[in-house]
Structure formats: C-alpha cells, structure tokens
Amino acid sequence: MSGFHKNDAIPVTRDLLRAMPLPHPGEGADKDGRGRVLVIGGSVEVPGALLLAGTAALRAGAGKLQMATCRSVAPHLGLAVPEALVLGLSETAEGGIAPDCVGMLCERAARCNAVLIGPGMMDKRAVADLTAALIAGLDGEGGPALVIDAEALMGLDGANEALCRRDGRTIITPHAGEMAGLSGISREDVEADPPAAARRVAELHRVIVVLKGACTHIATPDGRMWAYDGGNVGLATSGSGDTLAGVIAGLAARGADPAQAAVWGVHLHGEAGNRLARRGPLGFLARELLAQVPEIMAELAV
C-alpha cells in the first residue's frame, strides 16, 4: 500500500484512495466471486443493529450475506433483509446468542471471506465467551478476515495468542471508551493521544485498529497509521458504528486487504455522512448512510 510513514499519520484523502484502488470483480463474476460475508450479532433487545451491519456489507460490494442471530428474532430479520441467509441460534436467558453455537459458526465462517461479530450484542459474559471461542476457532493461515465491533471487543482479553497468530487479519473498531478497556488506561488518556493508544493495541494484539472519534485513526501492527477527520457530528448517532463495521467487512469480503478495507471503510462512512449533512447537520439516520456508499465508491474508481 502506498504512503508508508512509520511515525506519521497519513491523511485519508480521495487521492490516497485512488492510489490504492479496491479489487473489482470481472464483468462475468458471480455472487460467489464477489465474496461471502458472515455477520454475527443482534439480540432480543437490539436486532436492528445486525440489519444495518449486514446491509452495509452488501452496499460495500460483497456478493453473499449470511447473518447469525438469536432464534426468536431471526425470522423477522430474514423478512427485513430478503437478500440474506439468516441463521437462528440458541439464546441465553438474557436474550443473547449462546456461546455453545461457536462450533457451527466456525464451520460457516471458514467458508466465508470475511466475518463480523458484535453489532447489537448485549449479554456481556456470553458475548465475551463466544468471541474468544470464535477467534480461537478461526486461528490459522488462510482464514477469513475478522472484524470485531462493539460488545464483542471485550472478548479479546483471553484471545491474544490466537489474535497474534492471525497477524493482521483481524480488524477492531473501538471508540475511546472501548479502547480504554482494551489498553488498560483511562478514557482521558486515550483521548489525549489517540494515535499512541491505537498503535499500542495494534502491536500488542497484531490487529488493525480503527479508533473512532472526531478524527478516526487506523493503525496496523507494523506501525502504519492513517487519520481521517473529514466526518461530521451527525455521524454520532445510534447505529452509525454498525454501518461502519459492516462496510469494512463487506470490503474485506470482496478482496480488500484488512488495512485497505479499514481505510476505505472509514472514508466511505464519513463521506456518506457528509452528503446527508447537506440537508442539515443533525437528524439523519444511520440507515440512510447505506444508499450513499455505492455512488461514492463509483466516483473513486479509476
């Protein structure tokens, strides 16, 4: 990838993205050739987060979408997203996905190009156990890219060895509070020096870090760093992070390498918000971001 500077954050611009174009399927490619993505998440209380993330993955260009969620909400999700195959999983008493589903999920994930876990998951202990088991189950070379978001980030504590063996094939998308929990420092310290916090966790876990904020920082295990400050306050709304995670997963599914998927995903998400903000800086919905993504990608194609 172009523009490597060990100590400096590279600004994410349209020129930068044109210099690192996304993989594009040939005209004869079928939906399998455009990549498969599995999105795991949702709960009885927050099923819609999975709808946003899964749809975002398709909007980013993935060819086939599978979504895995609690059995009681799966039929409703299947009707809301008719483009997806929806898996209904056993539930915990708190309305989350039961960790004993991990074997089946790993089998599904192994046949995908990218996996996203986290959007809308609420049962903290079950999510942590499921995430750690999934990371361990996807340990090894040649497996799918893995995007970890929201509550699933708390499952990284006991998975460092497996993450390190994946060596850069995992992308995490924390905000400052979640980053504080991952790095063992205060939120104030994270906000005082976001690049240092992002780089520390990227090196420790051998992951791509997308540290969200007014300026979003993307760090890689080898020390590369990008920064995007082109968004707007309207993006600070419910469901916005789910759409970002879904876009990144969709880009990875269609063949972008993890760092490239992260950089492009952050820009597409931010630019979608900017276009909606032309009608007013506040009040647009996360679901409205989704339809903007294909047009922005087309404009950046070279």
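The structure holds zero disulfides, a disulfide being a pair of cysteine sulfur atoms within 2.5 Å. This is a predicted model, in which local features need pLDDT of at least 70 and side-chain atom pairs count only at pLDDT 80 or more, while totals for chains, interfaces and linings use all residues. Residues are numbered from 1 along each chain as its sequence is written, and side-chain values use heavy atoms, with hydrogens and water left out.

The sulfur of Cys 112 has its closest cysteine sulfur in Cys 106, and because these lie 11 Å apart, they are too far for a bond.

| Residue | Relative accessibility | Class |
|---|---|---|
| Cys 112 | 7% | buried |
| Cys 215 | 30% | partly exposed |

Helices (H or I, at least four residues) and strands (E, at least two) are DSSP runs, numbered from the N terminus. In helix H5 (residues 124-137), the 14 residues should span 20 Å at 1.5 Å a residue, and the end C-alpha atoms are 20 Å apart, which agrees; the expected span is 1.5 Å times one less than the number of residues. Buried residues of H5 include Ala 126, Val 127, Leu 130 and Leu 134. The buried residues of H5 pack against strand S2 (36-40), helix H4 (102-110), strand S5 (114-117), strand S6 (145-148) and helix H6 (160-166), contact meaning heavy atoms within 4.5 Å.

Note on methods
Buried means under 20% relative accessible area, exposed over 50%, partly exposed in between (1.4 Å probe, protein chains only).
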